[in-house]
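Open the model in a viewer and keep the selection panel at hand. The stops below say what to select and what is there.

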Amino acid sequence: MFFGLLIALQLTAPAYDRVILGGRVMDPASGLDAVRNVGIQNGRVAIVTTNAISGRDTIDATGLIVAPGFIDLHAHGQTPETYRFQAADGVTTALELELGTADVAAWYRERDPGQLINYGVSIGHIKVRMAVMHDSGAVMPVADAAYRAATPAEIDEITKRIETGLRAGAVSIGAGLTYTPGATRDELLALFRVAGKTQASIHVHILPGVAGLQEVLALAAETKAPLHVVHINSSGLVETPQMLAMIRTAHVTTEAYPYTAGMTEIQSATIQDLYRNAPDEKLAEMEWPPTGERLNRESFTRYTRIGGPIVVHSNSDSMVTAAIASPLTAIASDAYWRNGQGHPRTTGTYAKVLGHYVREIHALSLMEALRKMTLLPAQRLEARVPAMRHKGRLQVGADADITIFDPATVIDRSTYREPALAPIGIQHVLVRGAPVVSNGQLVEGVTPGTAVRAP
Ligand SMILES: [Zn+2]
């Protein structure tokens, strides 16, 4: 009698913390693309099966895609607000690897009580240079750290702080050469040497075009630095296809976001250098977000004094499509959001690739798009950050970071005028097995996200 009851209890007791039933499971690492049930236990994927399974909680994924959660290698913001935006877009890991931080330990300490999604940061050359050279810029350098060559002592101090950041667990090294035009080749060589010596990937916003790419390819070749070129779409513009061909033969990695306009601070060196002496028709590439007006000489000067983010319409649909469709590019948002303003890529990058580039224009297959959102970014980092071997996959033993979406309806909604609109079709998002989006709605007050950090 007693044993009979025990066996009956075991047969009926839920076996898993949570199960996802009847979805089309797509795992770019194994190539699995089939209807399966997924069981989650202790934040990990415990089973992927055709058998019936049960759990304490059930997600019905009939008609939906069940994919590894999206990993964003280039996510500015890194606030509770931007984590909410990105979760709604299917992102389960948001990494700030370009701009980074000057103080890695403090950056993680601020977030380590837990966040909505997983987070991580680079030790950022731009930010370190600002600290060492006492630049007054709030986000980007606007004075010495942008325009002045560092002294040999300052270069020593910059490299020392980069090494300190790596020892504190930075995921990678970040750099942005358009933001620091005063940095000499000697300084960049010292920076790339740290990447070569430690084999930490260096994520670089390069100077524009083929010449900018040649510069960093030469630095990487000389120092054996593992190079990742950020947003090839906006650094490449009309030269994007040629630059992708160069990247393929050089065995470096890159990324792209699916928008024809960029965004950065109007007072930054990258904007000032490009537009300070430009004619009015070139200035009209810029849009001031609060009003939607295109700039001219007078308004450019006026808004530079005010400061703030500027939308830059400088790319074409065909170049962005080439960047998004290339097998070389990870999808990375370059999420940009400050003081209630930002770029629609913050809220719509992944849904736009799935809805527009995959479903509407067939620029790439669904499995390939998922590979570029999950496995590819995980692989970029896993040599230095072994924890990434458990992300970007939907397999037994992987972290249960999972994005479940409707391939028939998924699409972004944000625009340059209304950049805060959540996409549609992203139905459920799990971070380490816990829902952060449920039935298309954000789950409030949960913090399953943990630090992604090098050991
Ligand atoms: Zn950038």
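## Second largest pocket

Select α2 to begin: with three residues, α2 gives the largest share of the lining of the second largest pocket. Helices (H or I, at least four residues) and strands (E, at least two) are DSSP runs, numbered from the N terminus. This is a predicted model, in which local features need pLDDT of at least 70 and side-chain atom pairs count only at pLDDT 80 or more, while totals for chains, interfaces and linings use all residues. Residues are numbered from 1 along each chain as its sequence is written, and side-chain values use heavy atoms, with hydrogens and water left out.

The volume of this second largest pocket is about 190 Å³. Its lining has 16 residues, and those closest to the centre are Ala88, Ala422, Pro423, Gly440 and Leu442. Two or more lining residues come from each of α2 (80-88), β21 (426-431) and β23 (441-442). Coloured by class, the lining of the second largest pocket shows ten nonpolar, five polar and one charged residues. Here Ala, Val, Leu, Ile, Met, Phe, Trp, Tyr, Cys and Pro count as nonpolar, Asp, Glu, Lys and Arg as charged, and the others, Gly among them, as polar.

A pocket is found on a 1 Å grid over the protein atoms alone, as an open set of points where a 1.4 Å probe fits, with protein on both sides within 12 Å along at least five of seven lines; lining residues have an atom within 4 Å of a point. Grid points are joined across faces, edges and corners, and a volume is the space filled by probe spheres set on the points.

## Largest pocket

Of its 48 lining residues, select Met140, Tyr179, His205, Met263 and Thr264, the closest to the centre. Which element supplies the largest share of this lining? It is α11, with six residues. At least two lining residues come from each of β7, α3 (104-111), α9 (232-236), β13 (261-265), α11 (269-275) and β18 (337-338). By class, the lining of the largest pocket divides into 20 nonpolar, 18 polar and ten charged residues.

## Zinc site

Stay on His205 and show the zinc ion, which is coordinated by Glu98 (OE), His205 (ND1) and His231 (NE2) at 1.9 to 2.3 Å. Glutamate 98 is in strand β7 (residues 91-101) and histidine 205 in strand β10 (residues 202-205), so the pair ties together parts that are 107 residues apart in sequence. Donors are N, O and S atoms within 2.8 Å of the metal (3.2 Å for Na, K and Ca); water is not among the atoms, so sites may look incomplete. Along the chain the zinc donors follow the spacing E-x106-H-x25-H. Glutamate 98 and histidine 205 are both buried, meaning under 20% relative accessible area, with exposed over 50% and partly exposed in between (1.4 Å probe, protein chains only).

## Sheet and loops

Select the open sheet of four strands, ordered β13-β16-β14-β15 with antiparallel pairing. Its edge strands, β13 and β15 (293-294), each pair on one side only. Two strands pair if DSSP finds at least two bridges between them, and two bridges join β14 (residues 286-288) to β15.

Finish at histidine 251, in the loop between α10 (240-250) and β12 (253-256). Its phi is near 55 degrees, a positive value in a residue other than glycine. Histidine 251 counts as exposed because its relative accessibility is 71%.
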